[in-house]
Amino acid sequence: MVTRYFGADIYLGNGQWESEIYVSEGIVVSACKADTEINLSGNTLIPSFRDGHAHPLFAGREILGLDVTKARSLEEIGSLLKQYRFNNASTTWIAGGSYNRALPGIFSREFLDSYVSDVPVTIHADDHHTLWANSKALEVAGILGSDLPKLQQGSIDLDSAGLPNGILRETEAIQLVLKHQPRPTVQEDSKAFKEAEQRLISAGITSVFDAWVEPGIMDSYLALSHELQLDYQLAILISPDNAEESLSVAKQAIAKFKDNPKVQVQAVKIFIDGVFGSATAAVEQPYLSTGQHGDLNWNKDSLVETITRAHQLGLQAHIHAIGDKAIEFAIEAIDLAEGGSLPPVIAHAELTNSSLLAKVKDKNISLCVQPYWAQLNDMLLSCVQHLGESRTHALYAFKDMLQLGINVVFSSDWPVSSYKPFEGIAVAVNRRLQNEMPKHNEGQAINLEQALDAYTVNNLKMLGKKASVLNAGDPFDAVLIEGKLKQKNLGELASSKILAVYKSGVNLLP
């Protein structure tokens, strides 16, 4: 049976708008005699969104834990923590997220102790590269005293007495504590996935690239894939200190998910540097705050070998590189590595320049970026003390990337920032989220069609798939938006109401 959808602005991707579309058995077909017709009443139909870099299970776990996302003071975080402890008297570990790292005050273990001291408390910052822990958590990890392990990357912040103050930066330091946290049960992760998918579907998302998968997360995907409604591509985390073991895990994962209709192993995830908020992203010019250049987590030979090995397994390299020095390092390693069948990806790519972008284009590298970050909110403004005004202004050069013909993929990095694509699109088009905000580097604003493609068609290119979303032969994966999308102002665009989310022709909204 063929259904004709009409009476709407219909975006097919790649700049093409139509007024009607034909669908049969969940597949878009060429115009033909229709059995039924559906009038879309002057609304807008677009391809469903594909989030190119997110952490859905992490986000779901945070939703079910201590939620301090909206806290506007340390005292409010403390009150939420105390209430959570009261409501969860039997818990043996309180995990939360994510606090605004720009809040005024002193983030200390003693502050958390004053609210909860009998069980470990760990709260992620909004960059998710910083962890705030109470004394009990540090005690369990064996790092409450002055005899601390030497770290290859990241740091344990110290107080005036030379003891850990409760702030840990970057994965190696953070894992000293989190490796002791009780692992969620399959039942708990089932609830976490359901919470995450409910939000993703409501935002018009039907496919997610999970950019951080460790063995425990992989096991949850295996156990729960029959419950999942969306499509997932997994990136297996590879660290420099366990690359051989992690590559073995990736090889096993490929076999385990080979015939899974919803979950596929796509890539390896490699962290090259940190973040600007902690002055750990690798930069060519030193930070104003530290006089240092940040951290490079890999040496070049081992990185080249790891990328080559990933390519030999048929996986792509999905590389976290934020600073310009890290991006240069990633490009050099990609160039030296044995090529693969899938295009390499640099995630975040926040501080770039014309020379770097020319090399990205030359090596056919996709850039997976987060449009929501290109606004002058607390997260970005907290970087000024480290980068200075000039470098902060240069961040998120989306227009330059697209003008060079680079494949630019939009994503959320959820739970680091909003999972809602329309909020990211509104920022990409307007370089701010609200009218009262000043614009961040207005010259890097892009148009609506470019932003829509970055969340849809370009994601398929990144995955090495056919770059077509609503043409004949494609699944009818689409989102029905209330009103005329092309006519919406900033506030209307960011808050666009989603009326239906189709995946292979089935509406996932209740």
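Trainee: In which loop is the place of Ala 279?

Mentor: This is a predicted model: local features need pLDDT of at least 70, side-chain atom pairs count only at pLDDT 80 or more, and totals for chains, interfaces and linings use all residues. Residues are numbered from 1 along each chain as its sequence is written, and side-chain values use heavy atoms, with hydrogens and water left out. Helices (H or I, at least four residues) and strands (E, at least two) are DSSP runs, numbered from the N terminus. Ala 279 has its place in the loop between β15 and α9 (300-312).

Trainee: Is Ala 279 buried or exposed?

Mentor: Buried means under 20% relative accessible area, exposed means over 50%, and partly exposed lies in between, with a 1.4 Å probe and protein chains only. Ala 279 has a relative accessible area of 10%, so the residue counts as buried.

Trainee: Near what value is phi of Asn 14?

Mentor: Asn 14 is in the loop between β1 (2-13) and β2 (16-24). With a relative accessible area of 44%, Asn 14 is partly exposed. Its phi is positive although the residue is not glycine, and lies near 55 degrees.

Trainee: In what order do the eight strands of the open sheet stand?

Mentor: Two strands pair if DSSP finds at least two bridges between them. In this sheet the pairing is parallel, and the order is β6-β13-β14-β15-β16-β17-β18-β19.

Trainee: Which strands stand at the edges, each with a single partner strand?

Mentor: A strand with a single partner has one side left without a neighbour in the sheet. The twist of this sheet averages 25 degrees from one strand to the next. The edge strands are β6 (49-54) and β19 (408-410).

Trainee: Which residue in β17 is the bridge partner of Ile 319?

Mentor: Strand β16 (residues 316-321) pairs with strand β17 (residues 345-348) in the parallel sense, over four bridges. Within β17, the partner of Ile 319 is Ile 346.

Trainee: What angle does the direction of helix α8 make with that of β14?

Mentor: Contact means heavy atoms within 4.5 Å. Axes are lines fitted to C-alpha atoms, for helices over the stretch in contact, and angles run from 0 to 180 degrees between N-to-C directions. Helix α8 (residues 243-256) packs on the sheet and touches β14 (231-238) and β15 (263-271). Its direction makes an angle with that of β14 of about 160 degrees.

Trainee: Which strands stand at the edges of the six-stranded sheet?

Mentor: The order in this open sheet is β7-β8-β9-β10-β12-β11, with mixed pairing. Each edge strand has a single partner, so one of its sides lacks a neighbour in the sheet; these strands are β7 and β11 (155-158).

Trainee: Which residue in β12 stands opposite Ile 156?

Mentor: β11 and strand β12 (residues 164-169) pair in the antiparallel sense over three bridges. Opposite Ile 156 stands Leu 168.

Trainee: With the side chain of which residue does the side chain of His 129 make a polar contact?

Mentor: His 129 is in the loop between β9 (121-125) and β10 (130-133) and is buried, at 9% relative accessible area. Not counting residues up to four places away in sequence, His 129 touches several residues, among them Leu 168, Phe 271 and His 320. A polar contact is a pair of N or O atoms within 3.5 Å; within protein, one must be able to donate a hydrogen and the other to accept it, and residues adjacent in sequence count only if both atoms are side-chain atoms. At 2.8 Å, the partner of the His 129 side chain is that of Glu 170.

Trainee: Within what arc do the buried residues of α2 fall?

Mentor: The buried residues of α2 are Leu 74, Ile 77, Gly 78, Leu 81, Tyr 84 and Arg 85. The arc is that of the directions from the helix axis to the C-beta atoms. Seen down the axis of α2, these residues line one face of the helix, because they fall within an arc of 125 degrees.

Trainee: Which exposed residues does the face of α2 turned away from its buried side carry?

Mentor: The buried residues are covered by elements including α1 (56-64), β8 (94-99) and α3 (109-113). The face turned away from them carries the exposed residues Lys 82, Phe 86 and Asn 87.

Trainee: Near what value is omega of the peptide bond from Trp 414 to Pro 415?

Mentor: Pro 415 is in the loop between β19 and α15 (421-430). The bond from Trp 414 is cis, with omega near 15 degrees.
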